[in-house]
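Grab the model and work through these exercises on its pockets. Each task comes with a solution you can follow step by step.

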Amino acid sequence: SLISIVEVYVAALQDKFNISRSKAVLGGGLVSALFSLIYASNGGLNFLDIVDHFINTYGIVLSGLVEVVLIGWVFKKLGEFQNHANGLSDLRTGSWWVFCLKFVTPVLLGYMMIQLVITELKEPYANYPVEALIKYGAVTAAAIIILGILLSFVKWDDKKTTTDHKEAM
């Protein structure tokens, strides 16, 4: 499973920054190794538990919520995504698909997010101090989101991406 996780960011680094595989592995590996040192400390297991909880609980729900709201309501791209999905799949999506992504999914994810926060406020996760949850969990999750947003502003090398897709076909 480690190889499949590493391959995701190595391929992303290669595509996004148009660098060789060896540079992507070296750069990504060094950054990963530096962050891994935190987990090797005395409180490393607790830190890992808190970060894992926030990323896998709040991060996934919030990412999905933001994504469907942006695509469905702000950028209004559901039609394009629907056409793309219909062009690739044997199963056709209909108006129900747009309705679900525009209305049902944001309501359910929003409700889930609110319930997660209420639950966390009533009883902090694993009885960790609230300060530790905010400092290590919320701040780390926010930093990852901010990093993702900043990286999204880096332009793709369209020539390489277009060439790679043509070669893949």
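**Exercise 1.** Work out what volume the second largest pocket has and which residues line it.

*Solution.* Start with the volume, which is about 340 Å³ (the space filled by probe spheres set on the grid points, joined across faces, edges and corners). A pocket here is an open set of points on a 1 Å grid over the protein atoms alone, where a 1.4 Å probe fits, with protein on both sides within 12 Å along at least five of seven lines; lining residues have an atom within 4 Å of a point. This is a predicted model, and totals for linings use all residues. Residues are numbered from 1 along each chain as its sequence is written.

Next, the lining: 13 residues, with Gly 59, Ser 63, Ile 144, Ile 145 and Ile 149 nearest the centre. Then trace the helices (DSSP runs of H or I, at least four residues, numbered from the N terminus): α3 and α6 each supply at least two lining residues, and α3 has the largest share with 7.

**Exercise 2.** Find where the largest pocket lies relative to the domains, and which helix gives the most to its lining.

*Solution.* First, about 1500 Å³ of space lies in the largest pocket. Its lining has 30 residues, and Tyr 9, Ser 32, Phe 35, Ile 144 and Leu 147 lie nearest the centre. Now go by helix: α1 (2–17), α2 (21–39), α3 (44–74) and α6 (130–152) each supply at least two residues, and α1 gives the most, with 9. Finally, domain 1 (1–40) and domain 2 (42–157), with bounds from an automatic or database assignment, both contribute to the lining, so the largest pocket lies between them.

Methods: Predicted model: local features only at pLDDT ≥ 70, side-chain atom pairs only at ≥ 80, totals over all residues. Heavy atoms only, no water.
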